[in-house]
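Here's a quick tour for anyone meeting this structure for the first time. Have a look at the sequence and the model, then read on.

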Amino acid sequence: MRAGYSIFLLILSLTVCNAGKLSNTFYKNTCPQVEKIVREIIQIHTRNNPSLGAQLIRMQFHDCFVRGCDASVLLDTVSNSKAEKEAIPNQSLGGFDVIDDIKAAIERVCPKVVSCADILALAARDAISSPFKKSMWSVQLGRRDGRVSLATEISGNLPSPFANFTSLVQLFKGKGLNVNDLVVLSGAHTLGDSRCGAFSRRLYNFTSKGDADPSLDPTYAKILRKKCPNPASPAITVEMDPGSSLSFDNHYYDILLQKKGLFVSDAALLTDKNSNKIVTRLQRSRSLFFTAFAKSMKKMAAIGVLTGNAGEIRQNCRVVNPGKN
């Protein structure tokens, strides 16, 4: 009797210990089709929207850096409390409709089982991976969804395009990420574009004397001034990685070393000796970048996750479940 009871307690304790962990096989018994469903829907959408990878990886980043990876960025505004997606840095996010499509498809097969946070993590990975016909990194699952989303929490949690190296390091350290992660994850800037307002100060009035940022290549600055007249128009966008903004590769580090990084925060990576060395290593090897990116994404996707009984499994990614606060 005592031996049997001891075994029961051991099994119970192991179950409790594992309840809060992410796992590659989390939905093995409850929704084994989940990754196939996400992958197939992403493949359909990327055919019509080749920039989807840039949109979803940015969405995941913005989600995880505020309240952790809990899909709070997906929630719509309720009453007078503006949600995260209403904050200025998030107003240019795209891909919410794709997440909605995936969630609806999964709910038809596995209702109330798969979290929106896990869907976002899988969708971002698969949108980046689609051109390669293979998964570029593994995604551990088991996140649960948060119930709170506040636009007021964006400031100070998302890295600013105007940030210097010290500010970036401090912000990433607060999220459990190091300098290597900072440089590696910045490589995602090889995808997508940016509104002129995020960098126009570098072109026209960097030190309040009508001058340009000396850390920006002068010839490239002239090209950017032609594309982005002063004052900056929110309707005009520029590739973050010129000529390679639809390709996931290590080309970002090429343009960085050419002093063509678009943001102050990009140029900041060259102001530190250690960071500069990491940039150079990643620039020399695409395979090294892919391997490093996979490792840093695993860390980033685990920031502040809700597991076990925390949070909820939203039935609609845009709203919390009925009866929840």
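## A residue to start with

Is Asp-100 buried, exposed or partly exposed? Asp-100 counts as partly exposed, at 24% relative accessibility. For these words, buried means under 20% relative accessible area, exposed means over 50%, and partly exposed is in between, with a 1.4 Å probe and protein chains only.

Before going further, a word on the source: this is a predicted model, where local features need pLDDT of at least 70 and side-chain atom pairs count only at pLDDT 80 or more, while totals for chains, interfaces and linings use all residues. Residues are numbered from 1 along each chain as its sequence is written, and side-chain values use heavy atoms, with hydrogens and water left out.

## The overall build

Along the principal axes, the C-alpha atoms fill a box of roughly 80 × 45 × 35 Å.

How much of the chain is buried? Of its 325 residues, 46% count as buried. The chain exposes about 16100 Å², with carbon and sulfur atoms supplying 54% of that; the areas come from the Shrake-Rupley method with a 1.4 Å probe. Take the contacts (heavy atoms within 4.5 Å) between residues at least 6 apart in sequence: 73% of them join residues at least 24 apart.

## Charges that pair up

Side chains of opposite charge can pair when their charged atoms come close. Here the count comes to 12 salt bridges, each one a side-chain nitrogen of Lys or Arg within 4 Å of a carboxyl oxygen of Asp or Glu.

Back to Asp-100: its salt bridge is with Arg-318, and the closest N and O atoms are 2.7 Å apart. Asp-100 lies in helix 4 (residues 96-109) and Arg-318 in the segment after helix 13 (286-300), so the pair ties together parts that are 218 residues apart in sequence. Arg-318 is partly exposed too, at 26% relative accessibility. Both belong to a network of salt bridges that also links Asp-76 and Lys-85.

## Two more bridges

Helix 4 also holds Lys-103 and Glu-107, four residues apart, or about one turn of the helix. They form a salt bridge with closest N and O atoms 2.9 Å apart, and both residues are buried.

Asp-181 and Lys-299 meet in another one, at 2.6 Å from N to O. This pair links distant parts of the chain, with Asp-181 in helix 7 (residues 179-186) and Lys-299 in helix 13, 118 residues apart. Asp-181 is buried, with a relative accessible area of 2%, whereas Lys-299 is partly exposed at 35%.

## A leucine in a loop

Leu-141 sits in the loop between helix 5 (116-129) and helix 6 (165-174). Its relative accessibility is 2%, so Leu-141 counts as buried. Which residues does Leu-141 contact, leaving aside neighbours within four places in sequence? Among them are Leu-22, Phe-26, Tyr-27 and Leu-122.

Definitions and conventions:
Helices (H or I, at least four residues) and strands (E, at least two) are DSSP runs, numbered from the N terminus.
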